[in-house]
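This report goes through selected local features of one protein model. Please look at the sequence and the structure before reading on.

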Amino acid sequence: METTASIRQTVEEELQTARFIDVHTHLFKPALGELGLWGIDELLTYHYLEAELFRSSEITPEQYWALAKPARAHAIWKTLFVENTPVSEATRGVVAVLNAFGLPSQGEKALTEARNFFAAQQRDDHIRRVFEMAGIDQAVMTNDPLDPAEAPLWEAGTDSDKLFLAVLRLDRILEAWPENWRTLAEKGFNVDLHLSCKVLSEVRRFLANWCRIMHPIYMAVSLPDTFQYPEESVRAHLLEDAVLPVCREFKIPLSLMIGVRRQVNPAIRLAGDAAGKADLRSLENLCRNFPENNFLASVLSRENQHELCVYARKFRNLLPFGCWWFLNNPSVVEEITRERIEMLGMSFIPQHSDARVLEQVIYKWRNTRRTLAPILANTYTLLMEDGGHVTREHVRADIERLFRGNLERFCRLKPQ
Ligand code: HDL
Ligand code: ZN
């Protein structure tokens with residue numbers, strides 16, 4: 001039986017030994033070739049760090065984009081790691097990755113040493129080593145059937161890889177149908193700009209074909225803070241009459257990531273997106289109107305988090321996940337995770353890494369374990385103070401549910 005004196009260490013030990021599924025990343029299995037990013041130059045040119053570069057340097061975006069990637073990485077290293085102290089989440093993350101490999105993170109020479117180290121790694125072995133260091137055994141990808149660089153690799157046939165799970169990403173369909181319907185038409189689907197019944201049936205056929213190619217564990221879309229449902233729009237028709245029926249057919253959830261304010265500063269490109277408070281009645285209407293569909297949900301505004309918990313109490317087909325993007329900072333993760341446990345028990349998924357570069361999973365999951373340990377320990381302490389009994393088995397089972405079981409049940413995955 002645990003005590004209030006022993007529980008913190010037990011929680012830390014169980015978090016350390018548990019292996020998690022990373023429910024949302026932008027990583028790619030090796031069979032998808034150069035799409036997968038890794039190594040120090042990719043770590044440094046992460047869009048989170050590019051945004052921070054422009055705040056601490058005189059370089060203009062135009063000057064920065066004119067540089068080759070190694071020179072961009074050097075500019076970021078010099079500005080954020082040599083001339084300034086790397087105290088932000090994203091800069092400290094790079095320090096943590098270098099430290100995890102026993103590499104220095106001080107001064108100009110450290111960049112050269114890091115480059116030499118990563119250049120000497122064999123990619124597939126390196127991936128396995130990084131997953132082990134991060135304490136994850138599977139990463140869920142983001143796979144776009146309309147990406148001209150990615151789609152042909154899937155169409156040519158790729159081996160499945162037990163370290164990676166696929167997701168069918170829908171942004172180009174749901175958010176940019178006018179710009180993208182011709183790609184489906186060129187592939188032999190009888191579609192056009194206007195969504196007749198025949199066109200919607202062809203979109204369903206397109207999605208079903210890709211489900212058979214990719215075997216996605218869910219479909220996903222990132223939606224603006226202005227997202228409304230119901231609404232008289234192309235997006236709503238595609239959702240109702242194409243995406244949700246195919247999700248039901250293949251018994252997979254739809255993941256809604258709501259709250260992005262796209263390109264508020266286009267000059268800094270991928271770093272130019274911001275966050276906005278959404279009207280979550282859209283989510284309420286979808287969960288109520290489509291009880292046969294399961295919805296994963298992550299919202300980008302801190303102000304939407306409490307009501308997301310309330311909605312999750314109302315709808316068993318709604319599974320909140322992660323502290324997304326600008327929320328993935330300890331001060332905010334703590335508030336979100338505590339209110340989720342208080343209102344949902346262990347029926348949610350606390351975190352995903354959103355990693356774009358392989359080695360980011362090392363620091364993002366280190367941070368999650370470090371932030372979660374006191375929260376879980378406090379949760380069990382409160383229970384024990386109120387007369388409850390807690391054992392190591394309770395702790396282990398709860399962590400397994402939070403970081404694996406909830407997703408496996410919701411996506412009908414075969415347990416590992
Ligand atoms: O749409 C998404 O999946 C977001 O996570 C974006 O990729 C965003 O640029 C990001 O990397 N956030 O962490
Ligand atoms: Zn993402």
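## Arg-412 and the basis of the model

Arg-412 counts as exposed, because its relative accessibility is 53%; buried means under 20% relative accessible area, exposed over 50%, and partly exposed in between (1.4 Å probe, protein chains only). Arg-412 sits in the segment after α18. Its phi is near 55°, a positive value in a residue other than glycine.

This is a predicted model, in which local features need pLDDT of at least 70 and side-chain atom pairs count only at pLDDT 80 or more, while totals for chains, interfaces and linings use all residues. Residues are numbered from 1 along each chain as its sequence is written, chains are lettered from A and ligands numbered from 1 in the order in which they are written, and side-chain values use heavy atoms, with hydrogens and water left out.

## Other backbone features

Most residues other than glycine have a negative phi, and most peptide bonds are trans. Gln-263 has a positive phi of about 50° and is not a glycine. Gln-263 belongs to the loop between β6 (254–261) and β7 (274–275); helices (H or I, at least four residues) and strands (E, at least two) are DSSP runs, numbered from the N terminus. With a relative accessible area of 32%, Gln-263 is partly exposed.

The peptide bond between Tyr-229 and Pro-230 is cis, with omega about 0°. Pro-230 is placed in the loop between β5 (219–224) and α13 (234–249).

## Strands around β2

Strand β2 (residues 136–140) is mostly covered, with 4 of its 5 residues buried. β2 runs parallel to strand β1 (residues 20–22), and 3 bridges join them; two strands pair if DSSP finds at least two bridges between them. Within this pairing, Gln-138 of β2 stands opposite Ile-21.

β2 is also joined to strand β3 (residues 164–165) by 2 bridges, and these strands run parallel. Ala-139 has Phe-164 in β3 as its bridge partner.

## Helices α1 and α18

Two packed helices are described by the angle between their axes and the distance between the axes. Helix α1 (residues 7–17) packs against helix α18 (residues 392–410) at an angle of about 45°, and their axes are 10 Å apart. Axes are lines fitted to C-alpha atoms, for helices over the stretch in contact, and angles run from 0 to 180 degrees between N-to-C directions. The angle makes α1 oblique to α18; angles under 35 degrees count as roughly parallel, over 145 as roughly antiparallel, 65 to 115 as roughly perpendicular and the rest as oblique.

From α1, the contact (heavy atoms within 4.5 Å) involves Ile-7, Thr-10, Val-11, Glu-13, Glu-14 and Leu-15, and from α18 Arg-392, Val-395, Arg-396, Ile-399 and Phe-403. By class, the contact of α1 with α18 has 6 nonpolar, 1 polar and 4 charged residues. Ala, Val, Leu, Ile, Met, Phe, Trp, Tyr, Cys and Pro count as nonpolar, Asp, Glu, Lys and Arg as charged, and the others, Gly among them, as polar.

## Helices α5 and α6

Helix α5 (residues 69–82) and helix α6 (residues 89–100) cross at roughly 100°, and their axes come within 10 Å. α5 and α6 are therefore roughly perpendicular to each other. Trp-77, Leu-80 and Phe-81 of α5 make the contact with Thr-91, Val-94, Val-95 and Leu-98 of α6. This contact of α5 with α6 has 6 nonpolar, 1 polar and no charged residues.
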